[in-house]
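This briefing looks at the pockets of one protein model, with attention to the residues and strands that line them.

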Amino acid sequence: TRPVTLTSVDGAAVTTLRSPGPNRLMVVRHPQAIVERLGFTGVSLGYPESGALSMSNGTVRDCIFTNCHLGTDGGAIHLDAGLVHDCWIVKNGANHQNTGRGGGVCLKGGVVSNCVIAGNQSWDSGGGIYMTAGLVTRCMITNNFMYGFYGTDGGGGVYMTGGRLENCLVTSNRFTDTTPVYGAGIYMTGGAIVHSTVADNRRAGGDNFSGLYMTGGVVTNSIFYYNGAGFPAVANENVYMSAGAMTYSCAQPLVAGDGNTADDPAFVSRAANDYHLATGSFAADTATNLPDVLVDIEGAVRPTDGNGDLVDRSDMGCYEKAAAGAAFECSFSGAPTAGTNSLTVVFTAAVSGPGTNVVTYYWDWENDGLVDYAGPDASVVTNLYAEPGLYSVRLVCTNALGDTASQTKVSYV
């Protein structure tokens, strides 16, 4: 409640606050109070307690929150106002049935920025974050989960009724129960999602409603792809929208709205959790420039000219692609990619960046780790797929400087 700074010499990994009994660890109320470089752990409180750290003002930064389990409204942090910055919020929980909201953070105001929110769990809604107001920006929200049962709302990664989610990566969140709980990535009834990437989230109860479940609010410049186990998406795997608006965003199947696309965003490597946009991505330079969003999740400047057309235009999703030619990159396309029985596909590669005067192309028709065709003259190649099925394709390129670039398209043919 005073304008003090509480810090440690050795950092959050060494200096830890641990609850000696049934008590939360800290309350921060003064606007000039600063808490930094501390670990928070070992809190276990039932309903109606919320937040190992409760904040109504001040700044908390460079801290680690783990193994904090509260009954309701924020396992690790309950935030009404103030700033939480550069923190790891990992393996916490909100465990009360019907009120277990926000396993990592319950946000009713204030700002959460540059944080990793991972491995948290809740019973009722928002495995990672439950938010009704405020701003969550430049955060990685991954591998959170909800148990789920009849009557719960949803949001394995994020549950939001208001506020703004901006420049965030929301991946690999899940529901572990087969009951009809929706939005393994995000459950949204209001607020705004801007420049965020939502991918590879899963529901044990089926593929539909795995990405974004939306009954209100607005979405701009975002990507919803590869949610649910099946590909290509045919129904509500990536987006279910009964109300609200979505514009300049990428989702499959196509969602109605200005500037939307269903084309593959071409992530660099989902297997390596790399959701940057590869060369040739349809999500590059196709968003709308927003005057209040001038950096991406990593702090890279927005907008840039990512496709070499000499126009600075923002990219969809949480990552802004580097200016064309700044790094060695490759991409490819194929035609046709669908047919019956056997299919002959012509693949065309493209490279950009330094050292492209000498390029060797390595093609893997089934993405099985074996090179099927290679050579410096293999920028345009043909392959016959003799048997029906879904085939993933991988291209690896090397340049005159010894740099390597690659692109993999899953279930492309």
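In this predicted model, the second largest pocket holds about 210 Å³ of space. The largest pocket, for its part, has a volume of about 630 Å³.

**Second largest pocket**

- The lining consists of 13 residues, and those nearest the centre of the pocket are Ser269, Arg270, Ala271, Thr408 and Val410.
- Two or more lining residues are contributed by each of strand 36, which spans 267-269, and strand 44, and strand 36 makes the greatest contribution, with three residues.
- Sorted by class, the lining of the second largest pocket comprises six nonpolar, three polar and four charged residues.

**Largest pocket**

- With its volume of about 630 Å³, the largest pocket is lined by 36 residues, among which Thr337, Ala338, Ser411, Tyr412 and Val413 are the closest to its centre.
- At least two residues of this lining come from each of strand 38 (329-335), strand 39 (343-352) and strand 44 (404-409), while the largest share, four residues, is supplied by strand 38.
- In terms of residue class, the lining of the largest pocket has 17 nonpolar and 15 polar residues, together with four charged ones.

- Thr408 is one of the residues that lie nearest the centre of the second largest pocket.

Definitions and conventions. Residues numbered from 1 in each chain as written. Predicted model: local features only at pLDDT ≥ 70, side-chain atom pairs only at ≥ 80, totals over all residues. Heavy atoms only, no water. 1 Å grid on protein atoms, 1.4 Å probe; cavity = no way out; pocket = protein on both sides within 12 Å on 5 of 7 lines; lining within 4 Å. Points joined across faces, edges and corners; volume = space filled by probe spheres on them. Nonpolar A, V, L, I, M, F, W, Y, C, P; charged D, E, K, R; others polar.
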